[in-house]
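Here is a short briefing to read alongside the model. Please have the structure open as you go through the points.

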Amino acid sequence: MAVQQAAGSDPYFPDHGDARYRVHRYELALDYRPAPNRLAASARINAIAGRSPLAEFMLNLSDFKIGRVRVDGRQAHYTHRGGKLRVRPTKPVRPGAAFTVEVHWSGNPKPVNSPWGGLGWEELEDGALVASQPIGAPSWYPCNDRPADKASYQISVTTPSAYAVVAGGRLLTRTTKASTTTWVYEQAAPTSSYLVGLAIGKYQTVLLGDPGPGGVPQHGHIPAHLLPEFSRDFARQPQMMDLFQELFGPYPFDEYAVLVTEEELDVPVEAQGLSLFGANHVDGARGSERLVAHELAHQWFGNSVSIADWRHIWLNEGFAKYAEWLWSERSGGRTAQQLAAAAHRLLSSLPQDLRLADPGRKSMFDDRLYERGGLTVHAIRCALGDEAFFRMLRGWAGLHKGGAVTTATLAAHVNRYADESLDGLFRAWVHGGALPALPTLGPARPAHPPTNSGKVQP
């Protein structure tokens with residue numbers, strides 16, 4: 001499905017992204033030296049102009065030294081201040097025409113300041129880690145930083161050979177020359193700029209499970225001393241993959257990787273085909289297993305099916321939260337109904353002034369959005385019944401694969417599976433503030449759709 005372009009700038013981050021064009025592909029070549037935290041890089045960006053002549057356009061890029069900017073091979077005029085690289089081609093790009101931008105930059109990458117702390121490129125004690133949600137991508141490369149503008153990526157990283165490079169996508173080549181190694185990754189699927197993940201460090205790589213013919217390869221990249229704990233904490237991820245493919249449809253990318261950094265992270269962070277966890281999420285007791293399920297589910301909800309702008313973030317987090325509940329239900333834990341009841345009790349004790357449809361920038365990562373988002377998906381399940389609900393889920397993930405959606409898109413999609421309009425449900429749960437009554441699954445409905453795979457073994 002073609003990506004639906006948001007009409008204008010993102011209301012939460014109006015300084016990020018340029019709706020006058022869209023990017024088709026990024027080819028990034030980075031040379032990174034961890035000790036001095038020094039980056040020298042170039043980008044080749046293939047883009048398509050919108051409906052108007054493009055006399056100038058903007059890329060988001062942090063405070064680096066710019067070496068050269070070219071459009072279609074010709075030197076272009078540019079200004080670079082306040083995180084915006086404004087480019088003026090020698091002649092305007094025609095409406096609808098393809099064009100290529102080359103940018104060379106260098107400097108010491110650092111996180112982008114945000115209300116949630118630094119985002120993007122973070123220098124670690126021994127290496128680097130990129131976790132960009134929502135606006136950290138410009139901390140290391142020039143991009144049209146809006147979630148609906150999705151492109152394919154090739155990323156080449158040269159770094160001292162003692163370090164491993166992990167990125168979302170398929171490793172094409174790894175070439176060692178003298179004391180450096182160049183790693184080249186390809187992510188062919190349409191990817192939002194904030195979902196381009198990267199880690200540079202000293203990691204051991206393991207295969208999770210046996211994918212078998214046609215299965216999804218799953219790798220873990222972890223510090224060697226955490227391998228025993230990791231092996232238990234992530235042991236059931238292959239079973240999660242099987243369950244989610246049954247419930248949501250085929251895994252949308254070529255492979256999946258998880259990385260555990262030596263550092264502690266407040267929360268795990270999803271990237272396209274890759275999820276990043278902190279050392280604090282590995283305890284050898286499956287203490288963070290719900291988060292393992294949550295991040296995997298984001299590959300369908302948030303990464304493959306992306307949001308048109310950040311007002312709709314509940315579409316990412318509500319479905320990922322509900323995937324936690326589905327995993328619990330199918331793996332011998334509490335049922336989705338029991339977890340919904342617990343979430344409802346929690347929300348009823350908190351202020352009810354958050355609206356899922358437009359939570360505001362300050363509240364877009366509020367815990368209430370996650371819990372109410374999960375409850376809303378549960379309410380949809382209760383209204384549709386299991387058979388129609390899981391058909392709806394698979395249809396949602398399949399129809400909008402590689403695309404970008406809004407809350408209105410979901411409401412229209414859900415109504416196609418309902419016997420009667422569910423507009424009232426969306427008004428109450430998504431557009432209203434007051435917490436509706438706890439939705440309940442009908443007693444005649446099975447706890448899960450029919451399956452031949454049997455119950456997940458604990």
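Glu-295 touches Tyr-256, Pro-268, Val-269, Glu-270, Ser-275 and Phe-277, leaving out residues up to four places away in sequence; contact here means heavy atoms within 4.5 Å. This is a predicted model, in which local features need pLDDT of at least 70, side-chain atom pairs count only at pLDDT 80 or more, and totals for chains, interfaces and linings use all residues. Residues are numbered from 1 along each chain as its sequence is written, and side-chain values use heavy atoms, with hydrogens and water left out.

**Glu-295**
- Helix α3 (residues 289–297) holds Glu-295; helices are DSSP runs of H or I with at least four residues, strands are E runs of at least two, and both are numbered from the N terminus.
- Glu-295 counts as buried because its relative accessibility is 3%, where buried means under 20% relative accessible area, exposed over 50% and partly exposed in between (1.4 Å probe, protein chains only).

**Annotated site**
- An unreviewed UniProt entry places the feature "active site" at Glu-295 and Tyr-370.
- These residues are spread over 76 residues of sequence yet cluster in space, with a largest C-alpha distance of 13.1 Å.
- UniProt positions follow the numbering used here, feature names are shortened, and annotations may be inferred rather than shown by experiment.

**Tyr-370**
- Tyr-370 sits in helix α6 (residues 367–384).
- With a relative accessibility of 19%, Tyr-370 counts as buried.
- Setting aside residues up to four places away in sequence, Tyr-370 touches His-294, Glu-317, Lys-321 and Phe-365.

**Gly-83**
- Gly-83 is found in the loop between β6 (77–81) and β7 (84–88).
- At 27% relative accessibility, Gly-83 counts as partly exposed.
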